[in-house]
Amino acid sequence: MPLARSLSVTSLSGLEEWDEEFDLEDAVLFEIAWEVANKVGGIYTVIQTKARLTSEEWGENYFLVGPYVESNVRTQVELIEPTNPALKRSIDKMNSSGCKVYFGRWLIEGSPYVVLIDVGFTAWSLDRWKSELWELCSVGVPWFDREANDAVLFGFLTAWLLGEFAAQCEQPPHIVAHFHEWLAGLGLMLCRQRQLPVATIFTTHATLLGRYLCAGNVDFYNNLAEFNVDKEAGDRQIYHRYCLERAAAHCAHVFTTVSQITAIEAEHLLKRKPDIVTPNGLNVKKFSAMHEFQNLHAQSKSRIQEFVRGHFYGHLDFNLDKCLFLFIAGRYEFSNKGADIFLEALARLNYLLRVNHSDVTVIAFFIMPARTNNFNVETLKGQAVRKQLCRAIFFSGQLPDVSKMLDKEDFTIMKRAIFATQRQCQPPVCTHNMLEDSSDPILNCVRRIGLFNSSADRVKIIFHPEFLSSTSPLLPMDYEEFVRGCHLGVFPSYYEPWGYTPAECTVMGIPSISTNLSGFGCFMEEHIADPTAYGIYILDRRHRGVDESCNQLTSFLFQFCKQSRRQRIIQRNRTERLSDLLDWRYLGRYYIAARHMALAKAFPDTFIYDPHEPTQTTGFRYPRPASVPPSPALSRHSSPHHSEAEDNEEDERYDEDLEAEKDKVNIRQPYTLPFKNKSNAVTGANGNGDNVMSVKN
């Protein structure tokens with residue numbers, strides 16, 4: 001199925017260039033989501049990283065709305081008095097009517113204002129609001145669905161807040177309300193039903209039904225047009241949630257999704273084609289290490305090596321300097337996240353490395369939280385043995401002179417430490433004690449493929465069923481530090497609307513494997529002429545069967561293992577240069593365009609937005625690296641290929657600084673999408689006046 005384009009394509013120059021003048025004095029932006037100052041999933045990352053850019057654009061007229069969670073507020077929010085007089089009157093009136101609404105600053109970059117609503121405090125209104133929802137929309141919410149109950153409370157309270165704010169303003173304001181996901185969607189429906197003067201935007205980051213269907217191992221993308229959506233939602237007991245999501249998508253002035261692949265999904269499952277695609281970005285400045293990122297990789301890698309020494313004590317019969325660290329991380333969705341195909345590819349990679357007598361050892365980390373009751377005793381023992389041996393040998397702070405410094409007692413201590421490294425059993429696959437060991441998908445797959453960390457295996461597996469933390473007694477590293485220390489991130493997802501994990505790898509200069517069924521993979525394929533040359537491997541899971549995709553993944557991994565250390569350094573440099581492509585200063589323009597479109601639809605007497613359907617992609621594509629000739633005549637690999645002169649610096653033809661300068665000339669610099677407040681239409685970048693927005697006097 002071809003990727004149908006939405007109204008504004010996801011090419012970076014697919015939107016028109018505007019002048020930078022626009023009057024925001026009478027415009028107010030409310031961004032509503034369940035994950036405002038409340039980390040649950042990826043939407044938290046979207047809102048948190050985008051806050052600085054949006055705050056710079058809207059200033060004092062930008063407010064985030066979310067639920068009040070006391071544990072989060074204590075550590076993330078500074079409660080203050082509302083700065084906007086109309087908003088202060090609105091909050092005071094709601095509080096006097098039996099609600100609890102708080103105002104403060106979210107202590108993140110940009111310090112945006114937040115309005116936090118205590119949904120539990122108004123639970124006494126739940127039955128009344130459910131009845132009203134049934135009378136208005138014929139949507140019934142069962143009593144046992146706590147998440148849906150929270151959505152009802154949150155929706156009615158946010159609609160109340162917006163309506164009260166509109167009533168308290170002295171002059172009719174231009175309000176934009178951006179709702180994220182179905183949990184906030186009911187507020188949008190009520191705004192439209194009550195005919196509030198609000199321009200509404202609804203963004204789905206992943207459809208409810210799509211996630212459930214993919215988790216059920218169905219052939220999802222080949223049958224999108226065939227699903228009986230009402231029956232499928234009813235069979236999974238999420239029909240009421242599906243109705244809320246679909247109604248919000250249809251009621252919104254502007255409907256957006258985060259990727260082209262999700263746009264196709266939404267068009268079939270929610271029965272509305274998205275108006276615009278708003279790709280997810282990152283605050284690249286947070287991850288930026290300039291020229292230090294290679295040093296940070298070396299430092300973090302050494303810390304992972306320390307953990308490996310302890311984990312494989314007694315069986316450390318491989319060279320750590322020729323050891324590659326691969327990882328997969330995210331929610332524990334075995335099939336959706338591609339853990340199944342990754343494990344199968346590792347088994348095939350193990351065979352290839354063994355038959356080719358490779359001296360490379362691959363250690364694959366699975367960072368996926370699951371139900372555990374404690375650390376594995378054998379894993380803790382390994383780290384203790386490593387520390388004991390280090391203390392015994394380096395107690396004096398320097399290498400000892402055996403003839404002068406060691407007496408009989410010192411020898412005894414060292415012998416005990418060395419003997420303690422002997423081990424009769426294999427190094428554990430899992431670092432924790434699993435509560436459901438016999439039914440765990442990853443462990444069952446490991447048993448099937450037979451990768452038990454034996455000495456003969458060139459591929460080792462470490463399953464860490466807990467998010468990483470710098471306070472962990474096992475692997476005391478934060479996630480960011482761990483990613484920097486790895487060589488390759490592997491994310492062969494079957495269902496991934498966007499994919500922050502490979503995006504984070506990219507901005508930290510770590511190559512990654514993604515798929516053409518993830519938003520990130522599709523985005524990179526569209527904007528990079530040769531993604532593999534930049535360390536972005538795109539696995540085809542859309543047009544190939546599982547076995548073919550697994551073979552392709554195995555090939556990617558095997559070719560990566562054959563690279564020399566210098567080739568990996570070159571590739572990391574190339575990967576890191578893609579960072580700006582994922583910065584919100586590039587991608588924030590799509591949110592700006594969505595807000596323009598919503599204002600024009602809600603307030604047609606004031607704003608004009610006249611887009612046209614593009615006939616082709618008008619954006620640029622990152623060129624192939626300057627050191628890789630476009631012609632196959634030289635038989636050079638797109639990834640840096642081994643050179644006989646690799647160890648001779650004078651003969652090495654690769655010049656990283658020169659290549660970066662050549663790419664910089666070819667890569668078009670970013671521009672911003674400003675606002676306009678003049679009565680005349682703004683001429684587009686093509687000079688013909690298409691794709692324009694203006695404000696009428």
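In which sense do S7 and strand S8 pair, and over how many bridges? I looked this up in a predicted model, where local features need pLDDT of at least 70, side-chain atom pairs count only at pLDDT 80 or more, and totals for chains, interfaces and linings use all residues. Residues are numbered from 1 along each chain as its sequence is written, and side-chain values use heavy atoms, with hydrogens and water left out.

Entry on pairing. I find S7 and S8 (residues 254–257) parallel, over 4 bridges. Strands are DSSP runs of E, at least two residues, and helices are runs of H or I, at least four, numbered from the N terminus; two strands pair if DSSP finds at least two bridges between them. Ile201 has Val254 in S8 as its bridge partner. I also find S7 paired with S6 (residues 174–180), in the parallel sense over 6 bridges. Phe179 stands opposite Phe202 of S7.

Entry on the crossover. S6, helix H6 (residues 181–193) and S7 form a right-handed β-α-β unit: with the strands pointing away from the viewer, the path from the first strand over the helix to the second runs clockwise.

Entry on burial. I checked S7 (residues 198–204), and 7 of its 7 residues are buried (under 20% relative accessible area, 1.4 Å probe, protein chains only). One side carries Val198, Thr200, Phe202 and Thr204, the other Ala199, Ile201 and Thr203, and both faces are covered.

Entry on confidence. The protein chain has a mean pLDDT (the predictor's confidence in each residue, from 0 to 100) of 84, and 78% of its residues reach 70 or more. Over residues 614–619 I note pLDDT below 50.

How values were computed
Contact = heavy atoms within 4.5 Å. Buried < 20%, exposed > 50% of the residue type's maximum accessible area, 1.4 Å probe, protein only.
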